[in-house]
Amino acid sequence: MEFGLELGVDWCALSFVQRPEDIVEARDLIDGRAAILAKLEKPSAIDSLAEIVSLSDGIMVARGDLGVEMNPEDVPVLQHQIIRACREEGKPVVVATQMLDSMVDRPVPTRAEATDVANAVYEGADAVMLSAETAAGKYPLEAVQMMHRIILRVQKDDIYWEQLERQRLAPEATTADAISVAVRQIGATIDAKAIATYTTSGSTTLRVARERPEMPVVCLTPRIQTARRMAIAWG
């Protein structure tokens, strides 16, 4: 971790997080130099899901190891629960592992894999992630291009936006959420091209992204570290 921080990494992804104390320990070591992405791969982490989400800066749904640790039929349900918990907290959530796994050896995915990526987008995830496809696969560029095409296709679907509207979460009783909800409604009413947020830490941008507006969110910040971290956030 220290080596990565010296290189200037934006995020530290913690594997096999099992309890909230894991996040607390990592935050002490990182000391504000990077954001923390908790990889949920162990059933014990699900027992403390709300607290782990609250303590982390972002969450990764690492389905591969979750599928080893528990029954395969439980993984889609947990994915949905984790995404919703992150949406409620306004924390970026990444869906990862085996998304286009056949593209490790083949230039095109199976239709089921394409559907898997699409479903993660429909559920409102902030990001979808390739693993072996780009780390060790024969077709890394094609895998990225295919995932990009799937994302764009889903976002052209009216049902996608209808689902986001149905999934809309109640705002917290804070000034930040009151403004975020209002700016989304104003943007939709006047058909704005973008929503601009000014932030130092990134919190304002994340609260607006939580509302899933139909237009892009522009993060204006004096800190390059914040700008880089926001690249993982929705919109």
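Contact here means heavy atoms within 4.5 Å, and helices (H or I, at least four residues) and strands (E, at least two) are DSSP runs numbered from the N terminus. What you see is a predicted model, where local features need pLDDT of at least 70, side-chain atom pairs count only at pLDDT 80 or more, and totals for chains, interfaces and linings use all residues. Residues are numbered from 1 along each chain as its sequence is written, and side-chain values use heavy atoms, with hydrogens and water left out.

**View A. Helix 12 under cover.** Helix 12 spans residues 203-210, and six of its eight residues are buried (under 20% relative accessible area, with exposed being over 50% and partly exposed in between; 1.4 Å probe, protein chains only). Those six are Thr205, Leu206, Arg207, Val208, Ala209 and Arg210. Their cover includes helix 6 (74-89), helix 11 (175-190), helix 13 (224-230), strand 6 (195-198) and strand 7 (217-220). After helix 12 comes arginine 212, with a positive phi near 50°.

**View B. Proline 216, on the way to strand 7.** Proline 216 sits in the loop between helix 12 and strand 7. It counts as partly exposed because its relative accessibility is 46%. Leaving aside neighbours within four places in sequence, proline 216 is in contact with Lys193, Ala194, Ile195 and Gly235.

**View C. Helix 7 meets helix 9.** The axes of helix 7 (residues 111-122) and helix 9 (residues 140-155) come within 9 Å and cross at roughly 50°. That makes helix 7 oblique to helix 9 (angles under 35 degrees are roughly parallel, over 145 roughly antiparallel, 65 to 115 roughly perpendicular, and the rest oblique). On one side of the meeting are Ala114, Val117, Ala118, Val121 and Tyr122 from helix 7; on the other are Met147, Ile150, Ile151, Val154 and Gln155 from helix 9.

**View D. Isoleucine 59 in the core.** The largest nonpolar core has 48 residues, and Ile52, Ile59, Ile82, Val95 and Leu100 touch the most other members. Such a core is a set of buried Ala, Val, Leu, Ile, Met, Phe, Trp, Tyr and Cys residues joined through side-chain atoms within 4.5 Å. Not counting residues up to four places away in sequence, isoleucine 59 touches Leu37, Ala38, Leu40, Ile52, Val53, Ile82, Cys86, Pro92, Val93 and Val94.

**View E. Aspartate 31, out in a loop.** Look for aspartate 31 between helix 2 (20-30) and strand 2 (35-40). Aspartate 31 counts as exposed because its relative accessibility is 61%.

Definitions and conventions
Axes fitted to C-alpha atoms, helices over the stretch in contact; angles between N-to-C directions.
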